[in-house]
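These are my notebook entries on one protein. I looked up its overall build first, then some residues one by one.

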Amino acid sequence: MQLSTAQYDERLTAPRSWWGIAALIGLACALMLLPLGTLPLLAGLVGGTALAVLAVSSYGSARVRVVNGALAAGDARIPVAALGEPEILDADEALAWRTHKADTRAFMLMRSYVRTAVRVEVTDPADPTPYVYVSTRTPQALVSALNAARAV
């Protein structure tokens with residue numbers, strides 16, 4: 001059995017400034033342990049930096065894919081057949097759908113550092129989720145991949 005290649009694949013990585021903040025957190029941990037000596041200072045630097053980098057990496061490692069007739073966004077796997085017409089959201093519309101237009105029942109893979117998004121209604125009557133909101137840096141490519149997967 002051969003796995004099909006992804007029609008669309010994007011990793012939503014954290015911005016560079018977050019990695020700098022992770023390094024500063026490690027430095028702050030080291031400075032807090034400075035009065036205890038050199039070894040605790042080094043342990044604080046290494047441990048604090050490692051924990052901060054792990055937190056940034058785990059939050060920033062979300063993937064958005066269209067593969068095998070399904071939209072895979074984070075932990076969700078939604079068949080394209082259960083989705084309606086995708087809508088590209090510019091920065092202002094994406095902000096509106098993240099805030100005052102948001103529905104608590106919706107599945108949202110959103111990252112604050114990604115300004116654009118795609119919103120797709122869920123057409124499956126058995127699914128209580130009204131729509132899927134996915135942050136993406138290339139919304140046109142995601143919409144094209146979803147449309148291509150629906151056409152197959």
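**Entry 1: surface and overall build**

I began with the term I needed: accessible areas here come from the Shrake-Rupley method with a 1.4 Å probe. By that method the protein exposes about 8800 Å². Carbon and sulfur atoms supply 63% of this area. I note that the model is a predicted one.

I went on to the secondary structure and found four helices and eight strands. Read from the N terminus, their order is β-α-α-β-β-β-β-α-β-β-β-α.

For the overall dimensions I looked up the C-alpha trace, which spans about 65 × 45 × 30 Å along its principal axes. The radius of gyration is 20 Å, whereas a compact globule of 152 residues would have one near 15 Å.

How much of the protein is made up of buried residues? The share is 37% of the 152 residues. I also looked up the contacts between residues at least 6 apart in sequence, and 67% of them join residues at least 24 apart.

Then I looked at charge. The protein has 13 positive and 12 negative charges, and their mean positions are 8 Å apart.

**Entry 2: the cores**

I looked up the largest nonpolar core, and it has 24 residues. Those with the most contacts inside it are Val64, Val66, Leu71, Leu83, Val134, Leu142 and Leu146. At least two residues of this core come from each of β1 (8–12), β2 (62–67), β3 (70–73), β4 (76–79), β7, β8 (131–135) and α4. Which element gives the most to this core? I found that α4 does, with five residues. Apart from this core lies another, of seven residues, among them Leu89, Trp97, Ala106 and Ala117.

**Entry 3: leucine 146**

I picked leucine 146, one of the residues with the most contacts inside the largest core. Leucine 146 sits in helix α4, which covers residues 139–151. Is leucine 146 buried or exposed? Its relative accessible area is 3%, and the cut-off for buried is under 20%, so leucine 146 counts as buried.

I listed its contacts, leaving aside neighbours within four places in sequence: Val66, Leu71, Val80, Leu83, Pro86 and Val120. I also checked one distance to alanine 81, which is 65 residues away along the chain. The C-alpha atoms of leucine 146 and alanine 81 are separated by 9.8 Å.

Next I took helix α3, residues 91–98, where Ala94, Ala96, Trp97 and Arg98 are buried. What do the buried residues of α3 pack against? I found β5 (83–89), β6 (107–109), β7 and β8.

Tyrosine 133 is in strand β8. Its relative accessible area is 0%, so tyrosine 133 is buried. Not counting residues up to four places away in sequence, tyrosine 133 touches Leu89, Ala94, Trp97, Arg98, Phe107, Met108, Leu109, Met110, Ala117 and Val118. I then looked up proline 35, which is 98 residues from tyrosine 133 along the chain. Their C-alpha atoms are separated by 48 Å.

**Entry 4: arginine 119**

With residues up to four places away left out, its contacts are Glu85, Pro86, Glu87, Leu89, Trp97, Tyr131 and Val132.

**Entry 5: the loop between β2 and β3**

Last I looked at two residues of one loop. Asparagine 68 lies in the loop between β2 and β3. Most residues other than glycine have a negative phi. Asparagine 68 is not a glycine, yet its phi is positive, about 55 degrees. Its relative accessible area is 54%, so asparagine 68 is exposed.

Glycine 69 is also in the loop between β2 and β3. With a relative accessible area of 37%, glycine 69 is partly exposed. Beyond its neighbours within four places in sequence, glycine 69 is in contact with Pro79 and Val80. I checked alanine 145 as well, 76 residues from glycine 69 along the chain. The C-alpha atoms of glycine 69 and alanine 145 are separated by 9.8 Å.

Note on methods
Residues numbered from 1 in each chain as written. Predicted model: local features only at pLDDT ≥ 70, side-chain atom pairs only at ≥ 80, totals over all residues. Heavy atoms only, no water. Rg over C-alpha atoms; globule rule 2.2 N^0.38 Å. Buried < 20%, exposed > 50% of the residue type's maximum accessible area, 1.4 Å probe, protein only. Contact = heavy atoms within 4.5 Å. Lys, Arg positive; Asp, Glu negative; His and termini not counted. Charge placed at Lys NZ, Arg CZ, Asp CG, Glu CD. Core = buried A, V, L, I, M, F, W, Y, C linked by side-chain atoms within 4.5 Å.
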